[in-house]
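Trainee: I should like to work through this structure with you, one question at a time. May we begin once it is in view?

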Amino acid sequence: MSDLRQKIQEAIKHIRTKTQENYPIGIILGTGLGALAKEIEIDFSLDYGDIPYFPISTVESHQGRLIFGTLAGKKVVAMQGRFHFYEGYTMQQITFPVRVMKYLGVQKLFISNACGGLNPQYRKGDIMIIDDHINLLGTNPLIGPNDAELGDRFPDMSQPYSKELIELAEDVAMENKIKVHRGVYLALSGPNLETRAEYRMLRILQADVVGMSTVPEVIAAVHQGTEVFGISIITDECFPESLVPVSIEEVVEAANMAEPSMTVILKTVIARVSV
Ligand code: HPA
């Protein structure tokens with residue numbers, strides 16, 4: 001058995017001492033978006049530090065625990081706090097929780113993040129449903145020996161984000177009069193925000209938003225056959241000709257502002273999906 005699968009099994013063995021339930025829905029909560037966790041009727045939670053091989057969160061705006069409970073009538077397992085490449089974790093560490101989720105029964109993974117808006121039509125506080133991504137992290141979680149039990153050596157990426165979930169979310173947004181964009185998320189390592197010249201370049205690459213997360217987890221999820229839905233909150237406007245300094249506090253504040261709308265979308269989509 002591969003080293004990775006052995007680690008997954010140890011983590012699962014520990015979690016299975018607490019629950020025998022199947023959790024068909026997985027959720028990863030991003031920067032400033034932790035409040036969705038309040039909507040979950042929590043059965044129990046585990047600190048990352050208590051789960052074998054789980055990394056521990058270092059960013060202050062992220063709590064580090066795995067929540068097990070019910071949301072919109074579905075059993076969910078939610079990461080409150082995620083791991084970023086800029087924190088120094090390996091790609092394998094960043095994607096480990098996604099690997100574990102599969103063995104807890106997760107079929108559909110919902111990922112949220114805060115990002116900068118590159119598309120001139122987008123404004124601070126807007127919501128974008130992720131249609132596709134560009135990986136400019138300079139690395140990939142699938143580098144290394146491939147465990148065929150987990151997925152293919154050369155996984156297809158023609159449709160990483162579920163078309164069905166995108167369309168369902170757009171319907172939900174419309175019904176609730178929430179404006180949403182649909183666009184391309186581009187991932188860079190960070191941790192610094194980008195220069196004006198970089199924003200100009202990223203726009204040429206036809207990215208709509210830029211952020212420092214999500215793409216590793218999505219690649220691992222697609223690799224293992226987990227359906228993905230991604231949603232971004234635009235926390236700052238990255239327009240090179242009118243760029244102003246941005247602080248992490250402003251990013252968190254903008255994310256918090258858009259959170260109620262994002263919560264409605266996620267909750268309603270989760271209520272309606274069949275698993
Ligand atoms: N770049 C620019 N602005 C941002 C980012 C980013 O990665 N994340 C949130 N706002």
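Trainee: Which strands each supply at least two residues of the shell around the ligand?

Mentor: Please bear in mind that this is a predicted model. The shell around the ligand includes Ala114, Cys115, Gly116, Val210, Gly211, Thr235 and Asp236. The strands that each supply at least two residues of the shell are strand 5, strand 8 (209–211) and strand 9 (227–237).

Trainee: Which strand gives the most to the shell around the ligand?

Mentor: Strand 5 covers residues 108–117, and Ala114, Cys115 and Gly116 are among the residues surrounding the ligand. With 3 residues, the strand that gives the most to the shell is strand 5.

Trainee: How much of the area that the ligand exposes when taken alone does the protein bury?

Mentor: Taken alone, the ligand exposes 260 Å². Of that area, the protein buries 94%.

Trainee: What distance separates the end C-alpha atoms of helix 2?

Mentor: Helix 2 has 13 residues, 91–103, so at 1.5 Å a residue it should span 18 Å.

Trainee: On which residue is the kink in helix 2 centred?

Mentor: The bend in helix 2 amounts to about 30°. Several residues of this helix are buried, including Phe96, Pro97 and Val98, and what covers the buried residues includes helix 1 (3–15) and helix 5 (215–223). The kink is centred on Pro97.

Trainee: Is Thr19 buried or exposed?

Mentor: Thr19 lies in the loop between helix 1 and strand 1, and its side chain is joined to that of Tyr23 by a polar contact of 3.0 Å. The relative accessibility of Thr19 is 6%, and the cut-off for burial is under 20%. Thr19 therefore counts as buried.

Trainee: Leaving aside its neighbours within four places in sequence, with which residues is Asp47 in contact?

Mentor: Asp47 is found in strand 2 (residues 41–47) and, at 43% relative accessibility, counts as partly exposed. Its C-alpha atom is 10.0 Å from that of Met79, 32 residues apart along the chain. Beyond those sequence neighbours, Asp47 is in contact with Gly64 and Arg65.

Terms used. Residues are numbered from 1 along each chain as its sequence is written. This is a predicted model: local features need pLDDT of at least 70, side-chain atom pairs count only at pLDDT 80 or more; totals for chains, interfaces and linings use all residues. Side-chain values use heavy atoms; hydrogens and water are left out. Helices (H or I, at least four residues) and strands (E, at least two) are DSSP runs, numbered from the N terminus. The expected span of a helix is 1.5 Å times one less than its number of residues. The bend at a residue is the angle between axes fitted to the seven residues ending there and the seven starting there. Buried means under 20% relative accessible area, exposed over 50%, partly exposed in between (1.4 Å probe, protein chains only). Contact means heavy atoms within 4.5 Å. A residue is near a molecule or strand if one of its heavy atoms lies within 4 Å of it. Accessible areas come from the Shrake-Rupley method with a 1.4 Å probe; for residues, only the protein chains shown count as cover. A polar contact is a pair of N or O atoms within 3.5 Å; within protein, one must be able to donate a hydrogen and the other to accept it, and residues adjacent in sequence count only if both atoms are side-chain atoms.
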